[in-house]
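Please keep the structure open as you read.

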Amino acid sequence: MARALLVALLFAPAAAYVVPNAAGVSSSGRPAQPAPQMQLEQLEMEEPETSGVFGVLAAGFGVGAIMGWLNSRKQQVAATAAAATVALAPGAAQAMVDYDGVKYLGGTDKVDINNANIQAYRQFPGMFPTVAGLIGTHGPYQQVSDIYNIPGMTDQLKNIAKKYEGNLVCLPASPAYFIDRINNGLYR
């Protein structure tokens, strides 16, 4: 009941007032009524109107009531705003936690030619840095034998790669590891 009265007090003065424009048409689309011509004696006899003052006071009280309600409920308003922010925020990206081919990135005697960093080839004498650099700067490869088609691979380098061909595997290129084949940022 009190809220309905508050809303009525807020909107009643605005709804009752219609401003005529210069063309003589009110904002509602109807012709504006000309102001009646009153005699000086009639003006002196009438009491001043208080409806305009009452409307301004009612609007002021209404705004104050709303502000008071918000102030008394500021914890609820803050909690609602925080919940809306969390609900509308994008979720965290799904990170790749496990990679099945991690054992071929340098932890065993097998090296993945598509995803391993060139440092993984250090365990094979003669492969690092030249052959490993050629493998790392080209690819992705479909099979291990594709490394023999790398431009600039001399017969001497091909013989070194053939020596360790049994230790090389070719897994599908993973975007998380393929980009770091030359420089993974790890230095000794």
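## Overall layout

Of the contacts between residues at least 6 apart in sequence, 59% join residues at least 24 apart. Please bear in mind that this is a predicted model. The chain holds seven helices and two strands, and from the N terminus their order is α-α-α-α-β-α-α-β-α.

Buried residues account for 20% of the chain's 188 residues. The chain exposes about 14000 Å², with 62% of that supplied by carbon and sulfur atoms.

## Helix α5

The buried ones are Val131, Ala132, Gly133, Leu134, Ile135 and Gly136, and they pack against α6 (155-163).

Just after α5, you will find glycine 139 with a positive phi of about 105 degrees.

## The nonpolar core

The largest nonpolar core is made up of 22 residues. Within this core, the residues with the most contacts are Ile113, Tyr121, Met127, Ile135, Ile147 and Leu168. The elements giving two or more residues to the core are α5 and α6, and α5 provides its largest share, four residues.

Which residues does isoleucine 113 touch, leaving aside those up to four places away in sequence? Its partners are Tyr121, Ile135, Tyr141, Gln143, Val144, Ile147, Leu168, Val169, Cys170 and Arg181.

Key:
Residues are numbered from 1 along each chain as its sequence is written. This is a predicted model: local features need pLDDT of at least 70, side-chain atom pairs count only at pLDDT 80 or more; totals for chains, interfaces and linings use all residues. Side-chain values use heavy atoms; hydrogens and water are left out. Buried means under 20% relative accessible area, exposed over 50%, partly exposed in between (1.4 Å probe, protein chains only). Contact means heavy atoms within 4.5 Å. A nonpolar core is a set of buried Ala, Val, Leu, Ile, Met, Phe, Trp, Tyr and Cys residues joined through side-chain atoms within 4.5 Å. Accessible areas come from the Shrake-Rupley method with a 1.4 Å probe; for residues, only the protein chains shown count as cover.
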